[in-house]
Amino acid sequence: LGKYLTSRQGKTVVLGGEAFPHMMPIKSEIRYFYEHRCFDYYIQGYGEVPLLELFRALDGEPGKARLPMADAASPIAALEQVNGLVYPRPDGTLIENRPLFTRPEVVPDFEGLPMDLYYKFPDEWGKLPTEDQGVEEILVLPVKLNFCCPMNCAFCISSGDAFSKVTAMQPDAMAEAIARLRDRWQTPYFM
């Protein structure tokens, strides 16, 4: 899919996500995947902040070229500051920035999203009307309160060395964030 998007559609493809620890075997093959135009950039570790930093770095890139140009006008210095970014320099040197394995405190921003997709019926699955007449759908906002798990279950994508340290927002900060979301969207329901 990435090869199709980069070669035929001219799209920039960024690979990454929570599955990174399970993708460790391909890390040694990043150069191959890049040379065969499967993706442009690879972000390891948590990606919310690095992805935003990458977009900011690319916004300064003249002509949105696949590779940053090696001159003063290029965003190479900005790319070198993006946590977890793996990419080749124009000379072929593979750069691997230090990953971000400490979860930043990120509060969801629902502005501009189709909020009607977040309305659910108050039943077990949120899809079927209850038997009670007059029950309406309720707005349920997804908010993740903590990240990672120390249990190391073999079947779980959130296990492994990179995810062994549980991280969470400070309780007061999370309570304030939920209160702001509750007041903004007029709902007491979160999952």
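The protein chain of this predicted model folds into 6 helices and 9 strands, where helices (H or I, at least four residues) and strands (E, at least two) are DSSP runs numbered from the N terminus. Residues are numbered from 1 along each chain as its sequence is written, and side-chain values use heavy atoms, with hydrogens and water left out. As the model is predicted, local features need pLDDT of at least 70 and side-chain atom pairs count only at pLDDT 80 or more, while totals for chains, interfaces and linings use all residues.

Of the 191 residues of the chain, 30% are buried (under 20% relative accessible area, with exposed meaning over 50% and partly exposed in between; 1.4 Å probe, protein chains only). The chain exposes about 12300 Å², of which carbon and sulfur atoms supply 57%; areas come from the Shrake-Rupley method with a 1.4 Å probe, and for residues only the protein chains shown count as cover. Among contacts (heavy atoms within 4.5 Å) between residues at least 6 apart in sequence, 56% join residues at least 24 apart.

Turning to the sheets, 4 strands form an open sheet in the order β1-β2-β3-β4, with mixed pairing; two strands pair if DSSP finds at least two bridges between them. At the edges stand β1 (14-16) and β4 (94-96), each with a single partner strand, so one side of each has no neighbour in the sheet. From one strand to the next, the twist averages 20 degrees. Within this sheet, β2 and β3 run antiparallel and are joined by 2 bridges, and I43 has L85 in β3 as its bridge partner. Helix α4 lies across β1, β2 and β3, and runs at about 155 degrees to β2; axes here are lines fitted to C-alpha atoms, for helices over the stretch in contact, and angles run from 0 to 180 degrees between N-to-C directions.

The largest nonpolar core has 10 residues: Y41, I43, L54, A57, L58, L79, V82, L85, Y87 and I95. Such a core is a set of buried Ala, Val, Leu, Ile, Met, Phe, Trp, Tyr and Cys residues joined through side-chain atoms within 4.5 Å. Two or more of its residues come from each of β2 (41-43), α4 (48-59) and β3 (85-88), and α4 gives the most, with 3. Another core, of 9 residues, lies apart from it and includes L141, M169, M174 and W185. Back in the largest core, I95 touches L85, V86, Y87 and R89, leaving aside residues up to four places away in sequence.

With a relative accessible area of 0%, Q44 is buried. Its side chain makes a polar contact with the side chain of E96 at 3.0 Å; the term covers a pair of N or O atoms within 3.5 Å where, within protein, one must be able to donate a hydrogen and the other to accept it, and residues adjacent in sequence count only if both atoms are side-chain atoms.

A further open sheet is formed by 3 strands in the order β5-β6-β9, again with mixed pairing. Its edge strands are β5 (119-120) and β9, each pairing on one side only. Strand β5 runs antiparallel to β6 (residues 138-141), and 2 bridges join them; Y119 stands opposite L139 in β6.

Finally, the loop between α6 (171-185) and β9 (189-190) holds Q186. This residue, which is not glycine, has a positive phi near 55 degrees. Most residues other than glycine have a negative phi. Q186 counts as exposed, at 67% relative accessibility.
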